[in-house]
Amino acid sequence: MNKIIKNHWLTYILAVILSIGSAVLFAMFSVRLGTVVDVVINQDVDFASKILACLKVVIGWFIVSLLFTYIKSKNVSDIIRDVKKDLYVSVNKKEMKDYVSKSNEYYLNNFTKNIDLLQTNYLSPRCEIVANFISALVSIGTIFFINWKLGLSFVGVSLVTIALSQLPGVIMAKKTNEFSEESANYLKVINNHLKGFEQIKLLGVSDIFLRKYLDRDNQYEKSRFSYIFVSRLANDLGLFFSFFAQLACMSIGVWFALRGDITVGLLISAINLLNGVFNPLQQLAYNKNLMGTVSDIMKSFDEILSREKNEGQLIQNSISTISIKDLDFKFGEDKIIFEGFNARFEKGKTYAIVGESGRGKSTLAKLIMKYYGSDQYRGEIQVNNQDINTILSDDLYKKVAYIQRNDFYIDGSIKNNIELYRRLEANNSLYGKLKFKDSFLDKPIEEGSRNQVSTGEKQRIDIARFLVKDYDVMIFDEPTSNLDKETSEIIFDLIFEIKDKIVIVITHVNDESTLNRFDQVIRL
Ligand SMILES: Nc1ncnc2c1ncn2[C@@H]1O[C@H](COP(=O)(O)OP(=O)(O)OP(=O)(O)O)[C@@H](O)[C@H]1O
């Protein structure tokens with residue numbers, strides 16, 4: 001994160017320079033305002049030129065402040081754009097095992113809510129805090145210039161104000177984290193309920209799910225309330241301390257004027273300069289508290305951004321064997337899936353993996369596809385006698401296809417959904433074998449019309465996405481589960497047409513005639 005932020009040092013420095021300019025012009029305006037008052041009191045003839053000088057400074061201040069706001073916004077939006085880009089790239093470069101260890105909503109929350117919090121609670125305050133500090137410094141410096149004793153007294157009062165304004169920072173940090181966490185939980189529930197809309201409706205369980213939703217939303221809104229309240233409270237407390245401080249400073253100023261240490265005009269200048277001290281100081285304390293709230297969010301970004309180097313060897317030659325040796329694997333402490341399991345798959349042969357539901361058929365495919373790390377199982381999984389953990393994952397996925405049911409679609413035609421933006425050669429014979437007519441391939445599958453594609457058709461789309469490319473190994477996970485007998489036979493015919501590859505089919509089909517077509521049937 002810090003690296004991305006540092007990359008935008010130029011706009012940040014520019015913003016700092018402009019904030020110095022704005023503070024200096026504000027101080028100049030305050031001093032000139034005092035001279036205008038003194039001119040009036042002394043009935044000087046130079047009144048018009050003093051007013052004009054004052055006006056020029058105000059216009060200058062406005063232009064510089066406008067530029068500051070523009071550059072600050074640019075700095076913030078450029079950083080946000082880069083953070084999001086890096087997050088997207090990092091998520092896509094994650095190893096399968098790392099990605100699936102977190103929920104989709106965890107990532108979604110980081111791309112949305114946490115990005116917003118990064119902007120409001122860190123990047124914007126980060127620019128403003130410097131402007132706040134500089135404004136306070138220049139204004140106090142100018143007061144020193146008017147009268148150093150007055151300046152010294154103001155510094156004392158300011159320091160006390162800053163110290164008191166820090167108090168709510170710790171609570172603010174806690175409430176921000178709670179708000180972010182509750183947002184992720186909320187996203188999870190709402191996302192799931194929307195996905196399950198049809199089931200909820202058809203089962204008539206809307207009321208139950210409404211209650212579940214309200215429970216979760218209640219937690220979320222409570223955390224939002226605490227977050228907003230504590231943030232506002234911090235701001236109001238800052239204002240409260242600042243009012244007291246201004247009152248104290250003003251009293252000190254009047255006392256100096258009464259003693260004749262400063263003129264009435266300079267007293268007015270000093271009082272106006274107090275705006276350049278206390279508003280920014282109050283903002284500074286508030287911004288500092290805000291910036292302290294995002295440390296957990298930053299850690300979360302860093303966690304996503306941290307990329308294990310995608311290292312590993314390429315698979316030498318085309319894949320001729322996959323061996324599983326003495327595999328022990330369990331979920332949690334007691335759900336044993338494999339114990340001393342051995343299997344060997346060879347090029348040119350077809351394998352059926354059968355077994356009752358929940359035995360671990362898909363888990364076996366996922367182990368080969370590195371969904372689980374080597375620290376999660378014992379034994380060895382080898383491709384061409386190379387341990388899969390030493391193999392570059394992307395190379396594995398280039399050579400091994402794992403075809404499973406999924407609901408990933410892009411807006412476009414069925415053909416676009418098979419091709420998924422890849423430049424592929426025409427596959428008319430494959431489409432013909434899969435019974436895809438031209439009218440079907442051109443059919444739109446956009447948001448809203450997805451229900452117009454049947455489950456069996458979707459299943460064939462899933463299969464076609466992989467069959468259009470050349471792989472050494474093809475693992476089909478229940479390729480015919482939603483297909484009629486005739487289409488199932490077409491799919492099996494297609495599968496058995498595949499030559500010179502390792503073909504593994506996870507299936508519930510148990511008719512002997514189909515199973516007999518495989519070279520080996522592995523029963524789990
Ligand atoms: N990430 C996980 N955490 C905990 N348990 C899991 C996880 N993934 C799967 N399981 C459990 O492990 C068991 C094996 O799952 P798997 O999907 O491999 O079964 P399967 O043999 O393919 O079943 P089916 O034929 O029903 O698809 C199941 O009981 C499943 O509930």
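Which helix gives the most to the lining of the largest cavity? That helix is H18, with three residues. The model is a predicted one, in which local features need pLDDT of at least 70 and side-chain atom pairs count only at pLDDT 80 or more, while totals for chains, interfaces and linings use all residues. Residues are numbered from 1 along each chain as its sequence is written, and side-chain values use heavy atoms, with hydrogens and water left out.

Rolling a probe the size of a water molecule over the atoms shows where empty space is left. On a 1 Å grid over the protein atoms alone, a cavity is a set of points where a 1.4 Å probe fits but cannot get out; a pocket is an open set with protein on both sides within 12 Å along at least five of seven lines; and lining residues have an atom within 4 Å of a point. Grid points are joined across faces, edges and corners, and a volume is the space filled by probe spheres set on the points.

The whole structure holds two cavities of 30 Å³ or more. The largest cavity, of about 50 Å³, has Ile-403, Asp-462 and Glu-478 among its lining residues. The second largest cavity has a volume of about 30 Å³, and H11 (264-291) supplies at least two residues of its lining. Helices (H or I, at least four residues) and strands (E, at least two) are DSSP runs, numbered from the N terminus.

S6 and strand S7 (residues 473-477) run parallel and are joined by four bridges; two strands pair if DSSP finds at least two bridges between them. The open sheet has five strands in the order S6-S7-S8-S3-S9, with parallel pairing. S6 and strand S9 (520-523) are at the edges and have a single partner strand each, so one side of each lacks a neighbour in the sheet.

Finally, consider the largest pocket, whose volume is about 1900 Å³. It is lined by 36 residues, and those closest to its centre are Asn-92, Met-96, Tyr-99, Tyr-371 and Phe-408. Strand S6 (400-403) and helix H18 (455-467) are among the elements that give two or more residues to the lining of this pocket.
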